[in-house]
Amino acid sequence: MAGASAGITAGIVNMLGILPLWLYSAVLVLSFPVFIIGLFLWWMAKEGTEDIPFIGY
C-alpha cells in the first residue's frame, strides 16, 4: 500500500518538524486516491472474478 505508507511517513516526518504542514497536506491529498484504488483492487482480487466494477473514482 504505497498510499498508506506515504501518508504515514509524511506524518512522522511532519511531527519531527522536518516537513512543513503545507507539504504534508499535499502528500495526503495526492496519496489518498492511490490508497483508495489500491485498497479496492486488493479487495476485489480476493473474489476471483475478472470483472471489476466501476468504483466511481
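I worked on a predicted model, in which local features need pLDDT of at least 70, side-chain atom pairs count only at pLDDT 80 or more, and totals for chains, interfaces and linings use all residues. Residues are numbered from 1 along each chain as its sequence is written, and side-chain values use heavy atoms, with hydrogens and water left out.

I placed Ser31 in helix α2, helices being DSSP runs of H or I with at least four residues, numbered from the N terminus. Ser31 has a relative accessible area of 9% and is therefore buried (under 20% is buried, over 50% exposed, and in between partly exposed, with a 1.4 Å probe and protein chains only). I found Phe40 and Met44 buried in α2 as well as Ser31, and the buried residues of this helix pack against α1 (2-15).

I then checked the course of α2 and found a kink of about 30° at Ser31, shortly before the proline Pro33; the bend is the angle between axes fitted to the seven residues ending at a residue and the seven starting there.

Last, I looked up Ala26, which sits in α2 (residues 21-45) and counts as partly exposed because its relative accessibility is 30%. I recorded 9.9 Å between the C-alpha atoms of Ala26 and Gly7, which are 19 residues apart along the chain.

Note on methods
Helix = DSSP H or I, 4+ residues; strand = E, 2+ residues; numbered from the N terminus. Contact = heavy atoms within 4.5 Å.
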